[in-house]
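Colleague: I am new to this one. Please show me how to read its features, one at a time.

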Amino acid sequence: MEITNEFTVQAPVAQAWAILTDVERIAPCIPGFQLEEIEGDEYRGTMKLKIGAVVMSYASRLTFVEKDESEHRVVMRGGGREQRGQGTVDATIVSVLQAAGDNETRVNVTATLDVTGRIAGFGRSIMGDVSARLIDQFVQCLETRVMAGTP
């Protein structure tokens, strides 16, 4: 399943790149995610997702596969295994940052997901809606806490 999203942040592309590729800095803004451990280039934590009345918790990992600063393109691989079930999520996430004015950056995100377990029973439209809601929450937190300099 492929999900695409786009959002804009109030920062020049170089500043947005530095922030959005710093997992430790942005982790508190990822809805439902708790960063627990960093080992080399791998970030590990717990991700809780709520879809309708169903709440799932995943032991998660994220690694950078590619970081092309000159093109402002980053590719990440992530995934997780349900902590109380047999479900899994594997994702490849490609983000491309583009200047959108003097002090704005447009971020295009394409996630290719392979899901099993309970989450696989939800349709693409529901997954897209949840993804859009999570992106909106992420951007709001990013702009009010991280980019505004709030610790």
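Modeller: Start with R73 and E66: their side chains meet in a salt bridge, N to O at 2.8 Å. The term means a side-chain nitrogen of Lys or Arg within 4 Å of a carboxyl oxygen of Asp or Glu. This is a predicted model: local features need pLDDT of at least 70, side-chain atom pairs count only at pLDDT 80 or more, and totals for chains, interfaces and linings use all residues. Residues are numbered from 1 along each chain as its sequence is written, and side-chain values use heavy atoms, with hydrogens and water left out.

Colleague: How many salt bridges does the rule give?

Modeller: It gives 6. Salt bridges with shared partners join E37, E39, E42 and R44 into one network. R44 pairs with E37 at 3.3 Å, N to O. R44 also pairs with E39, with the closest N and O atoms 3.4 Å apart.

Colleague: Is S60 buried or exposed?

Modeller: Buried means under 20% relative accessible area, exposed over 50%, partly exposed in between (1.4 Å probe, protein chains only). S60 has 14%, so S60 is buried. R44, at 24%, is partly exposed.

Colleague: Which residues does S60 touch?

Modeller: Contact means heavy atoms within 4.5 Å. Leaving out residues up to four places away in sequence, S60 touches F33, Y43, R44, G45, T46, M47, G79 and G80.

Colleague: Where does S60 sit?

Modeller: S60 is in strand β4, residues 54-68. Strands are DSSP runs (E, at least two residues), numbered from the N terminus.

Note on methods: Helix = DSSP H or I, 4+ residues; strand = E, 2+ residues; numbered from the N terminus.
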